[in-house]
Amino acid sequence: MTKRNRIIYWIATVWLSLGMTATGIQQLLKVQQEGAVAPPGVYGIKELGYPVYFLTIIGVWKILGVVAVLIPKFPLLKEWAYAGFFFLTTGAIFSHIGSGSSVNELFPSLLLLLLTVVSWYSRPADRKVIFVNQ
C-alpha cells in the first residue's frame, strides 16, 4: 500500500469514526434539538416517522461499528461494520427524501456515505477479508 493510499484511508476512517461517534452519542442521549433533522435527535426522528426508541438502536450500532472499524484484526467484523454503515447512511438518505427534507438535510448522510465508501475501498490488505479459494 502506498503512502498516499494509507493517508487517504486514515483521513476517511478518522472522519467517518468521528462522525459516527458524535451522532451515535447524540442519539443515545436523545438530544432535543428543535428543527434538527440531520442527524436526527428526538425532533428529527419523529419528523422522519420513526419511533424515538429507534435512536437507541442506531446509536448503539454506530458506536459498536466504530469500534469494529478501528480495532486491529477481525477483517470479517470490519466488513459487517462497513455494511452496517452503508445501510444506515443509505437508509437515512432515503428516509430524508421520502419525508420531503431539504437538500441541506441530506448532506450529513451523503458525507458519511462517501466516507464509508472511501474508507472501505482504500483499507489496507491486513484489514480485508481474504478468501481461501482465490
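## Largest pocket

The lining of the largest pocket divides into 22 nonpolar residues, 9 polar residues and 1 charged residue. In this classification, Ala, Val, Leu, Ile, Met, Phe, Trp, Tyr, Cys and Pro are nonpolar, Asp, Glu, Lys and Arg are charged, and the others, including Gly, are polar. The structure is a predicted model, in which local features need pLDDT of at least 70 and side-chain atom pairs count only at pLDDT 80 or more, while totals for chains, interfaces and linings use all residues. Residues are numbered from 1 along each chain as its sequence is written, and side-chain values use heavy atoms, with hydrogens and water left out.

The volume of the largest pocket is about 620 Å³. Among the 32 residues that line the largest pocket, I58, K62, G84, L88 and T89 are the closest to its centre. A pocket is an open set of points on a 1 Å grid over the protein atoms alone, where a 1.4 Å probe fits and protein lies on both sides within 12 Å along at least five of seven lines; lining residues have an atom within 4 Å of a point. The volume is the space filled by probe spheres set on the points.

## Helices around the pocket

Four helices each supply at least two residues of the lining of the largest pocket: α1 (3-28), α3 (54-70), α4 (75-98) and α5 (103-121). Of the lining, the largest share comes from α4, with 12 residues. Helices are DSSP runs (H or I, at least four residues), numbered from the N terminus.

H96 belongs to helix α4. With 1% relative accessibility, H96 counts as buried (buried is under 20% relative accessible area, exposed over 50%, partly exposed in between, with a 1.4 Å probe and protein chains only). Between the C-alpha atoms of H96 and E79 there are 26 Å in space, for a sequence separation of 17 residues.

## Nonpolar surface patch

A nonpolar patch on the surface is formed by L28, Y53, I57, V60, W61 and L64, which together have about 600 Å² of accessible area. Members of a nonpolar patch have over 30% relative accessible area and no salt bridge, and their side chains are joined within 5 Å; the areas come from the Shrake-Rupley method with a 1.4 Å probe. Helix α3 gives the most to this patch, with 4 residues.

L28 has its place in helix α1 and is partly exposed, at 34% relative accessibility. L64 is found in helix α3 and is also partly exposed, with a relative accessible area of 46%. The C-alpha atoms of L64 and A81 are separated by 8.1 Å, and the two residues are 17 residues apart along the chain.

## The salt bridge

A search of the whole structure finds 1 salt bridge, defined as a side-chain nitrogen of Lys or Arg within 4 Å of a carboxyl oxygen of Asp or Glu. E79 forms a salt bridge with R123, with 2.5 Å between the closest N and O atoms. Because E79 lies in helix α4 and R123 in the segment after α5, this pair ties together parts that are 44 residues apart in sequence. Side chains of opposite charge can pair when their charged atoms come close. R123 counts as buried, at 9% relative accessibility.

## The loop between α3 and α4

K73 is placed in the loop between α3 and α4, and its phi is near 70°. With 62% relative accessibility, K73 counts as exposed. F74 is placed in the loop between α3 and α4, with a phi near 55°. Both values are positive in residues other than glycine. Most residues other than glycine have a negative phi.

P75 has its place in helix α4 and is partly exposed, with a relative accessible area of 26%. P75 and A125 are 50 residues apart in sequence, with 9.5 Å from C-alpha to C-alpha.

## Helix α2

K46 is located in helix α2 (residues 42-47) and counts as exposed, at 53% relative accessibility. From K46 to G59, the C-alpha to C-alpha distance is 16 Å, and the sequence separation is 13 residues.

Conventions. Patch = residues over 30% accessible without salt bridge, like charges linked within 9 Å, V, L, I, M, F, W, Y side chains within 5 Å.
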